[in-house]
Amino acid sequence: MRDPLNKIITTIPPSGIRKYFDIASEMKDAISLGVGEPDFDTPWHIREEGIYSLEKGRTFYTSNAGLKELKDEIHKYLRRRFDVAYDPGTEIMVTVGGSEAIDAAMRAMLDPGDEVLIPQPSYVSYVPCALLAGAKPVIIELEEKDEFRLTPEKLLEKITPKTKMLVLPFPNNPTGAVMRRADLEKIAKIVEEKDLFVLSDEIYAELTYGDEEHVTIASLPGMQERTVLINGFSKSYAMTGWRLGYACAPAVILKQMLKVHQFAIMCAPTTSQYAAVEALRNGDEDVRYMRESYDQRRRFLMNAFAEMGMDCFEPLGAFYTFPSVKRFGMTSDEFVTRLLMEEKVAVVPGTAFGDCGEGFLRISYAYSLKSLKEALGRVARFVERLDREQGGRG
């Protein structure tokens, strides 16, 4: 019998994020800090709107691109929060999570042989989506000394005549790194000069800390016509299970993305779309409350790492820390495996987000402060034991 499988998909490894979570889920008293899912319930007024939509029998298909009311609210939200405006009729599409939007954008824009620049460490979907679109992923390795930001020098090193798209994954999963306006202005200049397009994944746009708020590259001069902006409701509004995101792009691009969405999905869940309308209209206070809670947890983790003697640059976005374990003389996988087996704490090795993540861990603080305190106490005990072992060998 002939091989029934696509040769590209068989070469793509499964996500490394879930591996240790799955093991921990079967261990008694284990604590997982491995999954990027808010521990908050979706705010009640948002859930109530979803329930009400069901009670009213709103169980029909929406238009392929999404409810008009929702696209109007997305337009108002982006203009209000990030000073960028999109035409709801031709430049906004509602998707099944941000991940579907990433896939649709790459399928719509990339031809076989096109090169896609992907900064790493970063979210696990970019490389597989590029491969499935027939393109060639080109990795830009970010470094801790640059606070895991994309520098102009690193970008220029990787551009070739075949480069078509740059992925901008900021605020970043897994590092928590952010790109400020001054950083983006330098990148935008190169994008224009080299005639590139940008896929800007801004799913964590509302979760930034410090004095400067998030800036989208689409708001910079000359960038909106070159950018596909990806966002959604999972992280900011604690709506992971509602599976709802959106893409904003120039009409010429969105028209083709809509074909991919139309034939693969049809439309995003109707109930989720009605709930999202309520989130955008009346959810600012919910976002503020959750952001402040995450910031408190972030500061707790940074203090805990300092007390343990673990190096960790300060993350200013998302809800992850990316501490270094290089001083322990073991790989990220070895550290994570021993931590899970000996202390029943699950985290994710940095290598799940690219080879340059070696020597780091991703620890999510999208968990209650109580869980974080218990887990970090176990991590501290494990680190102390490793230090004693190393001292004994010395």
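Modeller: A residue counts as buried when its relative accessible area is under 20%, and as exposed when that value is over 50%. Keep in mind that this is a predicted model.

Colleague: Is Tyr237 buried or exposed?

Modeller: Tyr237 has a relative accessible area of 2%, so it is buried. Phe233, at 1% relative accessibility, therefore counts as buried too.

Colleague: How is the ring pair of Phe233 and Tyr237 classed?

Modeller: Two rings pair if their centres lie within 6.5 Å, and the angle between their planes then gives the class: under 30 degrees is stacked, over 60 is edge-to-face, and the rest is tilted. For Phe233 and Tyr237 the centres are 5.8 Å apart and the planes stand at 35 degrees, so this pair is tilted.

Colleague: How many aromatic pairs does the rule give?

Modeller: The count comes to 16 aromatic pairs. One of them joins Phe148 and Phe360 edge-to-face, with 5.6 Å from centre to centre and 80 degrees between the planes.

Colleague: Which residues do ring pairs link into a cluster?

Modeller: The cluster consists of Phe40, Tyr204, Tyr289, Tyr294, Phe319 and Tyr320.

Colleague: Now helices. What describes two packed helices?

Modeller: The angle between their axes and the distance between the axes describe the packing. Helix H5 (residues 97–109) and helix H9 (residues 251–264), for example, pack at about 115 degrees with axes 8 Å apart. H5 and H9 are therefore roughly perpendicular to each other. The crossing of H5 past H9 is right-handed.

Colleague: Which residues make the contact between H5 and H9?

Modeller: From H5 come Glu100, Ala101, Ala104, Ala105, Arg107, Ala108 and Met109. H9 supplies Ile253, Gln256, Met257, Val260 and His261. Sorted by type, the contact of H5 with H9 has eight nonpolar, two polar and two charged residues.

Colleague: At what angle do H3 and H10 pack?

Modeller: Helix H3 (residues 44–55) and helix H10 (residues 270–282) pack at about 145 degrees, and their axes are 8 Å apart. H3 and H10 also cross in a right-handed way. On the H3 side the contact uses His45, Ile46, Glu49, Gly50, Ser53 and Leu54, and on the H10 side Thr271, Tyr274, Ala275, Glu278, Ala279 and Asn282. The contact of H3 with H10 divides into five nonpolar, five polar and two charged residues.

Colleague: Which residues does a cis peptide bond join?

Modeller: The angle to read is omega. Gln120 and Pro121 are joined by a cis peptide bond with omega at about 5 degrees. Gln120 is in strand E3 (residues 115–120), and Pro121 is in the loop between E3 and helix H6 (126–132). Gln120 has a relative accessible area of 11%, so it is buried. Pro171 lies in the loop between strand E5 (163–168) and H8.

Colleague: What about backbone phi: what value does Asp83 have?

Modeller: Asp83 has a positive phi of about 55 degrees, although it is not a glycine. Asp83 is in the loop between helix H4 (68–82) and strand E2 (92–95). At 63% relative accessibility, Asp83 therefore counts as exposed. Asp195 also has a positive phi, near 55 degrees, and lies in the loop between H8 and strand E6 (197–201).

How values were computed. Residues are numbered from 1 along each chain as its sequence is written. This is a predicted model: local features need pLDDT of at least 70, side-chain atom pairs count only at pLDDT 80 or more; totals for chains, interfaces and linings use all residues. Side-chain values use heavy atoms; hydrogens and water are left out. Axes are lines fitted to C-alpha atoms, for helices over the stretch in contact, and angles run from 0 to 180 degrees between N-to-C directions. Helices (H or I, at least four residues) and strands (E, at least two) are DSSP runs, numbered from the N terminus. Angles under 35 degrees count as roughly parallel, over 145 as roughly antiparallel, 65 to 115 as roughly perpendicular and the rest as oblique. A crossing is left-handed if the near helix is turned anticlockwise from the far one by less than a right angle, and right-handed if clockwise. Contact means heavy atoms within 4.5 Å. Ala, Val, Leu, Ile, Met, Phe, Trp, Tyr, Cys and Pro count as nonpolar, Asp, Glu, Lys and Arg as charged, and the others, Gly among them, as polar. Rings of Phe, Tyr and Trp (its six-membered ring) pair if their centres lie within 6.5 Å; planes under 30 degrees apart count as stacked, over 60 as edge-to-face and the rest as tilted. Buried means under 20% relative accessible area, exposed over 50%, partly exposed in between (1.4 Å probe, protein chains only).
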